[in-house]
Every structure is written in structure tokens, then in C-alpha cells.
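My entries follow in the order I made them.

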Amino acid sequence: LFISLLLAVLMVFSSCDGGESEITTEPEIIETEAPEAPPVYITKDGATEYKLIRSDKTSQAVTDAFLRLRTAINEKYGVKIDVGDDFVMPNKEPHAYEIAVGSVDREESPKALEGVGFNDSVIAFIGNRLFLTGNSDEAVIRAVDLFIEKYLTEGDLTVSSSLRVVEKAEYAKAGLTIGGVPISDYVIVYGSSYRDAAAEVANRLGILTGAIIPTQNEKEAPAEHEIAIGAASRATATSKGTDDFKIEVKGDDIHITALNKTAVEMACSRFCKLLSTEKTAYELSDLALDYVLPASRDYVNDIESLPLHWELEFQPPEWMLDYDEKYAASMDADGRLMS
């Protein structure tokens with residue numbers, strides 16, 4: 001029983017390597033600001049006309065950053081800044097002065113993200129709105145933290161009316177190509193049950209390469225280069241076992257299929273791993289895989305042969321992957337319970 005439990009711990013804490021970009025110790029920060037641009041007062045004499053907004057679809061991590069920003073502004077400048085989401089009633093206008101965290105339903109929001117990589121952070125003042133944003137949650141959170149660190153100074157909170165700051169991320173696989181085609185030219189197409197899986201694959205590849213890869217439902221018009229995930233209109237699943245899957249190449253497209261959702265997610269996890277080697281140029285044939293779940297005696301000896309579908313949802317910190325630490329903790333009668 002103990003060996004089985006220890007094995008389960010090792011399996012759960014297995015992860016997809018190489019999918020993270022890193023920010024350098026001193027990240028490259030590109031700041032554009034016209035010298036003659038007048039300052040904008042976000043707060044003045046202990047009051048503010050600004051409202052702090054976010055999308056109602058933001059993740060908990062971005063919501064936490066949003067609330068952290070509200071607290072920092074209120075405590076630093078003695079104000080009570082209003083907060084809300086980006087919803088506007090029909091035939092109504094949004095609040096005139098806003099600080100937007102993440103992508104919001106405002107016409108200036110896409111402009112703030114023009115020309116930046118997937119994991120780059122942006123602080124930009126456009127019109128009457130200040131945007132703290134990025135294409136990933138990680139980038140948005142860094143934008144919030146950078147703004148708190150750099151702009152919440154003594155006196156009133158002010159920014160330049162032409163402010164644009166971009167904190168550049170490093171990408172381990174910038175310029176990645178598949179079959180001679182840049183990864184940014186691909187579209188991830190998903191079947192109705194696989195929207196979240198498609199979004200996570202786009203997120204992983206974006207962090208890896210910097211590319212912003214669009215996703216779309218299989219009911220939309222076909223794209224020139226597709227990575228199709230569980231899209232029955234593109235390919236029929238032909239795996240023999242319920243835990244088997246296929247990554248197939250058909251023309252210029254890649255099709256990820258299996259007989260059930262768990263196996264499709266396992267295939268997505270393995271697809272990310274196939275693109276995580278040191279190469280930056282892959283042939284389509286490099287990614288083809290007909291996976292058959294091995295017998296337990298085989299994957300016990302080679303845990304890498306067992307892709308795990310929850311790798312798409314959870315990447316453990318390095319300390320969780322240390323075998324010696326887990327083994328020592330499991331032998332310590334006074335230690336914590338792990339499951």
C-alpha cells in the first residue's frame with residue numbers, strides 16, 4: 001500500500017517541461033513618453049475621479065492583483081477608489097475615467113496590446129483610461145505589480161498622458177516553426193468540449209514562444225494551418241483503447257484525437273511536451289504520435305511514458321518534483337500528510 005501511495009504522489013507531481021518563459025533578473029522595459037505630454041492626475045488632494053475596472057471573466061489570480069492595486073491606491077493616497085467590472089448598460093456610456101486591469105470591453109483595450117508578445121506586460125494611458133494589461137494572466141499581474149512599484153510615489157498619483165511601458169518577457173522558443181510555418185500562423189480549432197484545453201494549449205505555446213495563437217470553434221470557417229483538438233468535423237477518433245490517443249498530420253494540419261475527453265487532454269499535454277525540446281524548427285512528422293497506454297509495470301519504470309491530463313491545469317513548483325524530499329517527508333512520522 002505504501003509503495004502504491006508513493007507512486008501516486010510521484011505521478012501527480014509529474015509535469016510538462018520547458019513550457020515556461022522567464023523574466024530576466026533585470027527585465028527589458030521599453031518606456032515611451034513624449035516629453036511635452038501633460039501629466040494626468042489619477043488622484044489629487046485625497047480624491048479621485050477614476051474607477052478601477054476589470055472583466056467579470058478574469059481569473060482569481062488577476063482578481064487578487066486587482067484588489068491588491070485598489071488597496072495600495074487607497075492606503076497610499078487616502079482615497080476610496082470605486083471598483084467594478086467592464087459591463088455597461090445598453091444605451092449608456094462607460095465611466096469617463098478608468099484604470100483597467102487586464103483585457104476589458106473598451107475600444108482602446110486592443111490598442112494597448114498592439115505589437116507585444118504573449119507574455120509581455122503593458123502599462124499604457126490611452127484617451128482617459130489607464131491600462132495595466134497583457135495577453136496572459138502572468139503578464140497582467142506583473143503589469144499591476146510594476147505599476148505599484150514604479151508609480152505609487154509620494155504626493156499625488158500622476159502619469160504622463162502619453163505613457164506606454166512594455167516589460168518584455170524572455171521566450172525559450174521564440175521563432176518556433178512547424179513544417180516551415182511560424183507557430184503564430186496556426187489556429188487552434190476545438191470541438192465543443194475542448195474550449196478550455198485549446199485555451200490552455202494556446203497559453204502554454206504563447207509563454208513558450210511569445211506567439212499569440214488564436215482559438216476558434218470547429219464550426220467556424222477552416223484556417224490555412226490548424227491544430228485541431230477533439231474536432232470531429234476535422235478528424236474521427238480511431239484509437240483502439242479508451243486511454244489511447246493520436247496526434248496525426250493531414251496535409252498542413254495537426255489533429256489531436258481520442259475516444260474520450262481525458263485522453264484528448266493527455267494528448268494535448270504530450271503535444272506541449274513534444275514542442276518543448278531544444279529545437280525551434282519542427283517537421284510535421286516530428287509531432288506525429290500514435291500513443292497506446294502502457295501496462296503499469298512499464299510506466300512504473302519509465303514515468304515519462306505516462307502523460308497526465310491534469311498537466312494542462314497544474315504545473316508544480318520545483319520542490320514538489322524532488323524525489324529525495326518527498327521520500328524523506330513520507331518517512332517522517334511528524335511530517336505533513338501528502339496526497
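**Entry 1. Aromatic pairs.** I count rings of Phe, Tyr and Trp (its six-membered ring) as a pair if their centres lie within 6.5 Å. Planes under 30 degrees apart are stacked, those over 60 edge-to-face, and the rest tilted. The model is a predicted one, and I read everything below with that in mind. By this rule I get four aromatic pairs.

I took tyrosine 50 and tyrosine 97 to begin with. Their ring centres are 5.5 Å apart and their planes meet at 55°, so I log the pair as tilted. Tyrosine 50 sits in the loop between β2 (39-41) and β3, and tyrosine 97 in the loop between β4 and β5. The pair therefore ties together parts that are 47 residues apart in sequence. I then checked burial. Tyrosine 50 is buried at 5% relative accessible area. Tyrosine 97 is partly exposed, at 29%.

Next I looked at phenylalanine 245 and tyrosine 291. Their centres lie 4.6 Å apart and the planes are at 15°, so this pair is stacked. It links distant parts of the chain: phenylalanine 245 is in β15 (residues 245-250) and tyrosine 291 in β18 (residues 289-291), 46 residues apart. Phenylalanine 245 and tyrosine 291 are both buried.

**Entry 2. Charges over rings.** I found lysine 44 over the face of tyrosine 41, 4.1 Å from the ring centre. I also found arginine 54 over the face of phenylalanine 66, at 5.3 Å from the ring centre.

**Entry 3. The chain as a whole.** I count eight helices and 18 strands in the protein chain. It has 339 residues, of which 45% count as buried. I also checked contacts between residues at least 6 apart in sequence: 70% of them join residues at least 24 apart.

**Entry 4. The seven-stranded sheet.** In what order do the seven strands of this open sheet lie? I read β1-β9-β6-β7-β5-β3-β4, with mixed pairing. The edge strands are β1 (29-32) and β4 (82-85), each pairing on one side only. Neighbouring strands are turned by 15° against each other on average, direction ignored.

I followed one pairing in detail. Strand β5 (residues 98-101) runs parallel to β7 (residues 129-134), with four bridges between them. Isoleucine 99 has leucine 130 of β7 as its bridge partner.

Two helices pack on this sheet. Helix α2 (residues 60-77) touches β3 (51-54), β4, β5 and β7, and its direction makes about 175° with that of β3. Helix α4 (residues 137-151) touches β1, β5, β6 (121-126), β7 and β9 (164-167). Its direction makes about 130° with that of β7.

**Entry 5. The six-stranded sheet.** I traced an open sheet of six strands in the order β13-β12-β14-β16-β15-β18, again with mixed pairing. β13 (215-217) and β18 stand at the edges with a single partner strand each, so one side of each has no neighbour in the sheet. Neighbouring strands here are turned by 20° against each other on average, direction ignored.

β15 and β16 (residues 253-258) run antiparallel, joined by six bridges. Across this pairing, glutamate 248 stands opposite histidine 255 in β16.

Helix α5 (residues 195-209) lies across β12 (187-190), β13 and β14 (226-229), at about 160° to β12. Helix α6 (residues 261-274) lies across β14, β15, β16 and β18, at about 140° to β16.

**Entry 6. Serine 109.** I placed serine 109 in helix α3 (residues 109-112). Is serine 109 buried or exposed? I log it as buried because its relative accessibility is 4%, under the 20% cut-off. Leaving out residues up to four places away in sequence, I found that serine 109 touches Ser103, Val104 and Phe131.

**Entry 7. Cysteines.** How many disulfides does a search of the whole structure find? I got zero. The cut-off I used is 2.5 Å. Cysteine 268 is buried, with 0% relative accessible area. Cysteine 272 also counts as buried, at 4%.

How values were computed
Residues numbered from 1 in each chain as written. Predicted model: local features only at pLDDT ≥ 70, side-chain atom pairs only at ≥ 80, totals over all residues. Heavy atoms only, no water. Buried < 20%, exposed > 50% of the residue type's maximum accessible area, 1.4 Å probe, protein only. Pairing = 2+ DSSP bridges. Axes fitted to C-alpha atoms, helices over the stretch in contact; angles between N-to-C directions. Contact = heavy atoms within 4.5 Å. Lys NZ or Arg CZ within 6 Å of the ring centre and 35° of its normal.
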